[in-house]
Amino acid sequence: MEAEDDLDDPERLIQCPYDKQHQIRACRFPYHLVKCRKSHPEVAKLLATCPFNARHLVPRADLVDHISKCRDKGFIEHDIAHCSSGFQRDEVNAVSTWQAPPCDEDWETELLEQPNSPFVWGMTNSGINSCSVTSGQKNYLPSSVRAPESSPYAASWKD
């Protein structure tokens, strides 16, 4: 049990697969691998990454043997077996009874019924040069704010 506890210790030292002189704390090991891989591209080409644990870098020739013995393989197999249990299958086979609620909106009709005036934030059915409220129109802006009389985005090529 002590050996397994030791594997979970974030402070234990792990030897870097790229440079055997590097002894890295387990909690920093993934970051070190990324950094050291860039520093040693020739060694990186000779190593393969375990499909069960990206911290396991082994010589390419030994990958098949490592996969058959990798202790993390059991965790993945357990997760796959658990996920493919009845819970997942029932969820996939379930037929949805949800139906969209009836929609009373008709955007085409609404578009035809509205005058061809541009949208101005805070005003309803306003003309572009109109900042006052006219009959049937309501200004929702506070009294200290007025609608602009012209667009601030004038094209410089039109001048």
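**Group meeting: a chain of helices and strands**

In total, the secondary structure comprises 7 helices and 4 strands, where helices (H or I, at least four residues) and strands (E, at least two) are DSSP runs numbered from the N terminus.

Colleagues, please note that this is a predicted model, in which local features need pLDDT of at least 70, side-chain atom pairs count only at pLDDT 80 or more, and totals for chains, interfaces and linings use all residues. Residues are numbered from 1 along each chain as its sequence is written, and side-chain values use heavy atoms, with hydrogens and water left out.

I begin with the chain as a whole. Of its 159 residues, 18% are buried; buried means under 20% relative accessible area, exposed over 50%, and partly exposed in between, with a 1.4 Å probe and protein chains only. The chain exposes about 13,400 Å², of which carbon and sulfur atoms supply 56%; these areas come from the Shrake-Rupley method with a 1.4 Å probe, and for residues only the protein chains shown count as cover. Among contacts with a separation of 6 or more, 14% join residues 24 or more positions apart, a contact being heavy atoms within 4.5 Å.

I turn next to the annotation. The unreviewed UniProt entry places the feature "domain: CHHC U11-48K-type" at residues 13-40 and 47-74; its positions are given in the numbering used here, feature names are shortened, and annotations may be inferred rather than shown by experiment. In the model, residues 13-40 are 39% helix and 21% strand, with end C-alpha atoms 20 Å apart. For residues 47-74, the figures are 32% helix and 21% strand, and the end C-alpha atoms lie 23 Å apart.

Asp 72 sits in the loop between helix 4 (63-69) and helix 5. Asp 72 is buried, at 9% relative accessibility. Leaving aside residues up to four places away in sequence, Asp 72 touches Phe 52, Asn 53 and His 56. Ile 76 belongs to helix 5 (residues 73-83) and is partly exposed, at 31%.

Finally, the cysteines. How many disulfides does the structure hold? There are 0, a disulfide being a pair of cysteine sulfur atoms within 2.5 Å. Cys 70 is in no disulfide, and the nearest cysteine sulfur, that of Cys 50, is 3.7 Å away. Cys 70 is buried, with a relative accessible area of 7%, whereas Cys 103 is exposed, at 58%.
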